[in-house]
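Trainee: Could you walk me through this one? I'd like to start with the surface and then go on to the rings.

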Amino acid sequence: MSPRTRRILFYFGAAGLVTILAWGVLGLPAYGQYQGPYGDLVSYAAVQSRHATDVVSAVNFDIRAIDTLGEEFILFTSVMGVVLLLRKRVEPKDVDEAAADVATGREKEPPSNAVRLLCLGLVGVSVLFGLYIVTHGQLTPGGGFQGGVVLATVPLLVYLAADVRVLHQIAPRKLVDAGEALAAGAFIGLGLVAVALQEPFLTNFLPLGTTGRIDSSGTIMAISIVTGIEVGGAFVVLLSSFLAETLERIPEEHRGEP
Amino acid sequence: MTALVTHLPFFVAIWVLACGLYGIITSKNLVHLVVCVAVLQSSTYVLLVLVGFREGGAAPVFYDLPLGTLVVDPIVQALMLTDVVVEATVMALLLAMVVRVYERTGVLDPDALLRLRG
């Protein structure tokens, strides 16, 4: 099919799709007038029976926790897919040697002082902010997903300020891999503890604590923390896979040589 | 006609979706195509956030709000949140595929890839 016929065909299909979508959208309540009862019911359930003040986290890590588990495994499998696709086929004999920017064929320019200062200055702040977001997900906006991504920017900042060798030092691949897998397993583990206590899967079994305090909300907080480790680990694995792909590739003529 | 005005924000979602689809169909570069998939997927964020919006509603966080305050719907916000994270990793997977396709074939044009087969 030529690009032109494809485009004409697309216009017809898109016109149909947009018409149907517009029809459907016009059947929704007017913008800002949504009156569905579930949001309010969930709010009461989250605050009164789960002692969590951030209802979004309560929905994700308690009310629909089993769906979040599924989504976390989408994340887990796509990261596995990336690692599988970007695996090295030529194992360099000395990773540290190969980790330098050999692909460019010359000395890598060191990062400028401004970049180093900014990135190193942000490292401490990002660690603190990421941990705060992960651990306070049950109280204020945040939780494992957002905090995990914030924490995963720390190795990226270190890479920008220094180089890939320092990145491997502060985030050893084996440790990150193991941490990610264990955190994903811990989510299921928390659900199975409830089963062992003869409750449905992922039911809360921890003390609920005082609403508004950091140790409140039971399993919501626990699941939020393991999700934070899983998401952070997943993004660090992605980062180091792509960096390995661009930086550790050995030029064709040097393959097989140390 | 009044329905068009009261539902206008929802058409933003449809517009973003159509833009993404157009980009995918006409793309000449696989990296560009992956970005178009991201645009297409962001229409779901727009729609989800719009659907749960209530006029005058606060964020669904009762840390400093009394229970019973009018808030926007927390359920769709929770859906959107996981959507964002999953999209980011799916993008990474697609880009990794692009890297491998380029390594094997040396081209990034999807049409050229079709011609190569056979």
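Trainee: Which helix gives the largest share of the nonpolar patch?

Mentor: In this predicted model, the largest share comes from helix H3 of chain B, residues 30-51, which supplies three residues. The patch on the surface is formed by Val31(B), Val35(B), Val39(B) and Leu95(B), and together they have about 260 Å² of accessible area.

Trainee: And Val39(B), how does it count by accessibility?

Mentor: Val39(B), which is found in helix H3 of chain B, counts as partly exposed because its relative accessibility is 31%.

Trainee: OK, switching to the rings. How many aromatic pairs are there over all chains?

Mentor: Over all chains, the structure holds seven aromatic pairs. One of them is formed by Tyr11(A) and Tyr22(B), a stacked pair with 6.4 Å from centre to centre and 20° between the planes.

Trainee: Where do the two partners of that pair sit?

Mentor: The pair crosses between chains, with Tyr11(A) in helix H1 of chain A, residues 3-26, and Tyr22(B) in helix H2 of chain B, residues 8-26. Tyr11(A) is partly exposed, as its relative accessible area is 42%, and Tyr22(B) is also partly exposed, with 32%.

Trainee: What about Tyr31(A) and Phe10(B), stacked or edge-to-face?

Mentor: Tyr31(A) and Phe10(B) form an edge-to-face pair, with 6.5 Å from centre to centre and 85° between the planes. Tyr31(A) lies in the loop between H1 and helix H2 (38-50) of chain A, while Phe10(B) lies in helix H2 of chain B, so this pair joins two chains.

Trainee: Is Phe10(B) buried or exposed?

Mentor: Phe10(B) counts as buried because its relative accessibility is 2%, whereas Tyr31(A), at 29%, counts as partly exposed.

Trainee: Which residues do ring pairs link into a cluster?

Mentor: That cluster consists of Phe10(A), Tyr11(A) and Tyr22(B), linked by ring pairs.

Trainee: Now the backbone. What is phi like at Gln198(A)?

Mentor: Gln198(A) has a phi near 60°, which is a positive value in a residue other than glycine. Gln198(A) is found in the loop between helix H9 (173-196) and helix H10 (219-247) of chain A, and it counts as exposed, at 76% relative accessibility.

Trainee: And Leu202(A), buried or exposed?

Mentor: Leu202(A) is buried, because its relative accessible area is 8%, and 8% is under the 20% cut-off. Leu202(A) is found in the loop between H9 and H10 of chain A and has a positive phi of about 70°, although it is not a glycine.

Technical notes
Residues numbered from 1 in each chain as written. Chains lettered and ligands numbered in written order. Predicted model: local features only at pLDDT ≥ 70, side-chain atom pairs only at ≥ 80, totals over all residues. Heavy atoms only, no water. Patch = residues over 30% accessible without salt bridge, like charges linked within 9 Å, V, L, I, M, F, W, Y side chains within 5 Å. Areas by Shrake-Rupley, 256 points an atom, 1.4 Å probe, with all protein chains shown as cover. Salt bridge = Lys/Arg side-chain N within 4 Å of Asp/Glu carboxyl O. Helix = DSSP H or I, 4+ residues; strand = E, 2+ residues; numbered from the N terminus. Buried < 20%, exposed > 50% of the residue type's maximum accessible area, 1.4 Å probe, protein only. Phe/Tyr/Trp six-rings, centres within 6.5 Å; stacked < 30°, edge-to-face > 60°.
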